Amino acid sequence: MTSLERTMAVINGKLPDRVPTDLHNFMMASRMAGIPLSECLKSGNLMAESQLVAWRYFGHDMLLVENGTSVMAEAMGCELSWNDHSSPQIVKPALKSIGDIDSLRLPDPERDGLLPEVLYAVSILRDEIGDGVFIMGRADQAPMALAAAVRGYERFMMDIVEYPEAVESLLDKCLEAITRYALALQRAGAHGTSIGEIGCETISPATYQRFALPRLKKFFAAMKAANFPAALHQCGNAAAVLSDMTETGADILELDPKTDIYTAKAASRGKVTVLGMVDPANVLHRGTPELVDEKSHEALEVMAPGGGFILGPGCALVADTPEDNVTALVECARTHGVYRQDSTLSAVC
């Protein structure tokens, strides 16, 4: 199978030849290409160049293309701070008053802010690689995470309690913004998309179910209508809302290892693909190739049987993640992630 065929087989509930691999590596790719991060993330040409450098080195199956999780917020009026060590950070929210939602900018993803640069990066990658690799153009934040960014996290949390109806209106506007962006990424040539929502280490399951879940269902319904595979990323321990996440309609759940791996397998089996669950910090960044191999084996042993698994880091890799560690993850999937016809793994892990 090609990388695209392998990934699409998993998404569609079929058995691939082996477990696919994904690298959430936009910061690491910039460093590998020798491009300052603050320059790379502002240029579609440079983003594409860095992704190609990393892909040619590692040969992973999915390219996750993004320039951080704040550029949609910037396009809606937030001010960002840039540096060469991490993705941009919001320094000034766009929405001073929860009553000013109507004045909040609804971006045109093909014109506003740095959104067009991601579209351009996707188009370059599609022209360069074609249908050989699964290109995931990330549509930035999910509605609740985006709303918190444009309002300011502390004020947004207070608004949930004091002005819940206004919060609903803000979330609906954010949903429209990311839906437009995701469909623009599809037109640019992406094979799929991804959004990241606030996790239950920040909000309660009840708040998630009232405010986040209805919009997530609408977003993923729109993606299914467009025949555009889409992933839901959630940092932290997602166990409290795993059943809700599987009901959103997402094709992939991007989970980090704070979520118990056995719980993740039980909740996702036969319902949705899981992407993860190797620790990007303590294993891939600070660990050794031997530790990466050990933890990748563990993930394969639990998550891979029966299909529905893509091996990768649970969240973004920092820029100075060692190449040898990432190579160990990719090679583990190639060597030990091969399937038998009965959906078990052919190699003993």
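**Entry 1. Contacts along the sequence**

Among contacts between residues at least 6 apart in sequence, 72% join residues at least 24 apart. I note that this is a predicted model, in which local features need pLDDT of at least 70, side-chain atom pairs count only at pLDDT 80 or more, and totals for chains, interfaces and linings use all residues. Residues are numbered from 1 along each chain as its sequence is written, and side-chain values use heavy atoms, with hydrogens and water left out.

**Entry 2. Overall form**

I found 15 helices and 10 strands in the protein; these are DSSP runs numbered from the N terminus, helices being H or I of at least four residues and strands E of at least two. The radius of gyration, 19 Å, is close to the 20 Å that the globule rule gives for 349 residues, so the protein is as compact as a globular protein of that length. That radius is taken over C-alpha atoms, and the rule is 2.2 Å times the number of residues to the power 0.38. Along the principal axes, the C-alpha atoms fill a box of roughly 60 × 40 × 35 Å.

I then checked burial (buried is under 20% relative accessible area, exposed over 50%, partly exposed in between, with a 1.4 Å probe and protein chains only). Of the 349 residues, 59% count as buried.

**Entry 3. Gln234**

I located Gln234 in strand β7. Is Gln234 buried or exposed? Its relative accessibility is 0%, so Gln234 counts as buried. Its side chain and that of Tyr208 are joined by a polar contact of 3.1 Å. Such a contact is a pair of N or O atoms within 3.5 Å; within protein, one must be able to donate a hydrogen and the other to accept it, and residues adjacent in sequence count only if both atoms are side-chain atoms. Leaving aside residues up to four places away in sequence, I listed what Gln234 touches, including Glu197, Cys200, Met245 and Asp256.

**Entry 4. Backbone exceptions**

Most residues other than glycine have a negative phi, and most peptide bonds are trans. I searched for departures from this pattern.

Asn227 has a positive phi of about 55 degrees although it is not a glycine. I placed Asn227 in the loop between α10 (205-225) and β7 (230-234). Asn227 counts as exposed because its relative accessibility is 66%.

Ser343, also not a glycine, has a positive phi near 75 degrees. Ser343 lies in the segment after α15 (323-336).

The peptide bond from Gly276 to Met277 is cis, with omega near -10 degrees. I found Met277 in strand β9 (residues 273-278).

Notes:
Contact = heavy atoms within 4.5 Å.
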